[in-house]
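Please examine the sequence and the structure shown below before reading on.

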Amino acid sequence: LVDVLVKRPIPLVRNFTENLLAYAIGRPTQYFDQPTVRAVVGAAEASDYKMSSLVMGIVKSDVFQKRQAQTTAN
């Protein structure tokens with residue numbers, strides 16, 4: 001399994017990035033979040049998909065920076 005994943009890292013990295021983004025923004029990712037996921041993965045490719053590159057890509061993304069806080073009605 002490891003050999004297969006190493007040969008094709010992009011699907012694995014995209015899936016991981018999508019889940020990390022969902023956690024970061026506090027909601028499930030939608031179809032309109034996919035360009036952000038692809039951009040983060042593309043930028044992280046230069047650093048061999050280091051975790052820090054993925055995290056920084058998400059933190060610098062518009063989706064993360066422009067998220068709205070959830071309000072609770074009491």
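Is Tyr 49 buried or exposed? Tyr 49 is buried, because its relative accessible area is 17% and buried means under 20%, exposed over 50%, and partly exposed in between, with a 1.4 Å probe and protein chains only. The structure is a predicted model, in which local features need pLDDT of at least 70 and side-chain atom pairs count only at pLDDT 80 or more, while totals for chains, interfaces and linings use all residues. Residues are numbered from 1 along each chain as its sequence is written, and side-chain values use heavy atoms, with hydrogens and water left out.

The overall fold comes next. The protein chain has five helices and zero strands, where helices (H or I, at least four residues) and strands (E, at least two) are DSSP runs numbered from the N terminus. Along the sequence the pattern is therefore written α-α-α-α-α. The C-alpha atoms fill a box of roughly 50 × 25 × 20 Å, taken along the principal axes. Of the 74 residues in the protein chain, 24% are buried. The accessible surface comes to about 5,700 Å², and 57% of that surface belongs to carbon and sulfur atoms; such areas come from the Shrake-Rupley method with a 1.4 Å probe, and for residues only the protein chains shown count as cover.

In soluble globular proteins, nonpolar side chains tend to be buried together. A nonpolar core is a set of buried Ala, Val, Leu, Ile, Met, Phe, Trp, Tyr and Cys residues joined through side-chain atoms within 4.5 Å. The largest such core here has 12 residues, among them Val 13, Leu 21, Ala 44, Tyr 49, Leu 54 and Phe 64. Two or more residues come from each of α2 (9-25), α3 (34-44), α4 and α5 (62-65), and α3 gives the most, with four residues. Ala 44, leaving aside its neighbours within four places in sequence, is in contact (heavy atoms within 4.5 Å) with Tyr 49, Lys 50, Ser 53 and Leu 54.

Most residues other than glycine have a negative phi. Tyr 49, however, has a positive phi of about 60 degrees, and phi of Asp 48 is near 60 degrees. Whereas Tyr 49 is buried, Asp 48 counts as exposed, at 65% relative accessibility.

Charged side chains are the next topic. Side chains of opposite charge can pair when their charged atoms come close. A salt bridge is a side-chain nitrogen of Lys or Arg within 4 Å of a carboxyl oxygen of Asp or Glu, and a search of the whole structure finds one. It joins Asp 33 to Arg 27, with the closest N and O atoms 2.8 Å apart. Asp 33 is buried, with a relative accessible area of 1%, while Arg 27 is partly exposed at 30%.

Finally, the surface carries a nonpolar patch of about 400 Å², made by Phe 16, Met 51, Val 55, Met 56 and Val 59. Patches are made of residues with over 30% relative accessible area and no salt bridge, like charges being joined within 9 Å and nonpolar side chains (Val, Leu, Ile, Met, Phe, Trp, Tyr) within 5 Å. Helix α4 (residues 51-60) supplies the largest share of this patch, four residues. Met 56 lies in helix α4 and counts as partly exposed, because its relative accessibility is 42%.
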